[in-house]
Amino acid sequence: MGTLRYFNLQPLMESYGCRTLFETGTGIGDGVRYAAFYAFDAIYTVEIHPDIAATARERFIDDPRVQVLNETSEAALARVLPRIPAERPVLFWLDAHFPGADFGLAGYRDERDPDLRLPLARELDLIARLRGPCRDVILIDDLRIYEDGPYEMGNLPDFAQTLPPDLRNIDFVTRGPWARTHEMQRFREHTGYLVLTPRRP
Ligand SMILES: C[S@@+](CC[C@H](N)C(=O)[O-])C[C@H]1O[C@@H](n2cnc3c(N)ncnc32)[C@H](O)[C@@H]1O
């Protein structure tokens, strides 16, 4: 599990004008807690597990910028993104995977629907469709789910490996619409990050 703390959000906010943060996978809310130190106008976070979402909602009850949504990441993106004008860039922290498993509430293989268990490819597709060619910034956690590499914390352990070999790659990024509009950078710290930033006009 990586951490949003790896990133200094200030230069990203300033360089790309991001005033909204959208996190998929709330967990216990540590990402939101970190984002809340910055001057975002709005912080959306979505969590599929009702108990985890309820605990996080309680944690941020005093911060009116934070909305904790309890639904699938795809449902939340589909509902919220059309309300954010394209000229207001969003900073995404895409960190939803293995419902409940990181907090011991489920096993890594329990969720049978692959699109709920590892929603990243569909999230990126949805964001591209709803935001069009945009200047959004996308931070993706746990690159090691998709690719082996010299990660600080090693490759994904076997117990969490649920992707068939032909889907263990990031072709959905390198061959998709993001490759046309955004630069891509890999970071090997922790469990690996993938960062998509808009190409200079
Ligand atoms: C690694 S934790 C999130 C940590 C958090 N982003 C942070 O930075 O502190 C992943 C969370 O994603 C949730 N999750 C898994 N699949 C999901 C889905 N399809 N939609 C929404 N949330 C999901 C899990 O239940 C879990 O709480």
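Is D142 buried or exposed? D142 counts as buried, at 4% relative accessibility, where buried means under 20% relative accessible area, exposed means over 50% and partly exposed lies in between, with a 1.4 Å probe and protein chains only. The views below come from a predicted model, in which local features need pLDDT of at least 70 and side-chain atom pairs count only at pLDDT 80 or more, while totals for chains, interfaces and linings use all residues. Residues are numbered from 1 along each chain as its sequence is written, and side-chain values use heavy atoms, with hydrogens and water left out.

**View 1**
D142 is found in the loop between β5 and α7 (171-174); here and below, helices (H or I, at least four residues) and strands (E, at least two) are DSSP runs numbered from the N terminus. The phi of D142 is positive, near 60 degrees, although the residue is not glycine. H190, which is likewise not a glycine, has a positive phi of about 55 degrees and sits in the loop between β6 and β7. As background, most residues other than glycine have a negative phi.

**View 2**
Strand β6 (residues 182-187) runs antiparallel to β7, and 6 bridges join them; two strands pair if DSSP finds at least two bridges between them.

**View 1. The largest nonpolar core.**
A nonpolar core is a set of buried Ala, Val, Leu, Ile, Met, Phe, Trp, Tyr and Cys residues joined through side-chain atoms within 4.5 Å. The largest such core holds 36 residues, and the members that touch the most others are F22, F92, L94, L124, I138 and W178. Two or more residues are given to this core by each of β2 (42-47), α4 (73-80), β4 (90-94), α6 (120-131), β5 (137-141) and β7 (193-198), and the largest share, 5 residues, comes from α6. When its neighbours within four places in sequence are left aside, L124 is in contact (heavy atoms within 4.5 Å) with L94, I138, I140, F172, V173, W178 and L196. A second, separate core has 25 residues, among them F7, V32, Y38 and A56.

**View 2. Helix α1 and its buried face.**
In helix α1 (residues 9-16), the buried residues are L9, L12, M13 and Y16. Seen down the axis of α1, these buried residues fall within an arc of 100 degrees, so they line one face of the helix; the arc is that of the directions from the helix axis to the C-beta atoms. An α-helix has 3.6 residues a turn, so residues three or four places apart point the same way. The cover over the buried residues of α1 includes α2 (30-35), β4, β5 and β7. At the N-terminal end, N8 caps α1, with a side-chain oxygen 3.1 Å from the backbone nitrogen of Q10, and α1 is followed by G17, whose phi is positive, near 75 degrees.

**View 3. The salt bridge of R122 and E74.**
The whole structure contains 13 salt bridges, each being a side-chain nitrogen of Lys or Arg within 4 Å of a carboxyl oxygen of Asp or Glu. In one of them, the side chains of R122 and E74 meet at 2.8 Å, N to O. This pair links distant parts of the chain, since R122 lies in helix α6 and E74 in helix α4, 48 residues apart. R122 counts as partly exposed, at 41% relative accessibility. Leaving aside its neighbours within four places in sequence, E74 is in contact with D115, R122 and L126.

D125 forms a salt bridge with R129, and the closest N and O atoms are 3.7 Å apart. The two residues are 4 residues apart in helix α6, and are therefore separated by about one helical turn. D125 is partly exposed at 38% relative accessibility, whereas R129 is exposed, with a relative accessible area of 60%. R131 forms a salt bridge with D136, where the closest N and O atoms are 2.7 Å apart; R131 counts as buried at 4% relative accessibility, and D136 counts as buried at 0%. Elsewhere, salt bridges that share partners join R19, D41 and R88 into one network.

Notes
Polar contact = N/O pair within 3.5 Å; in protein donor to acceptor, adjacent residues only side chain to side chain.
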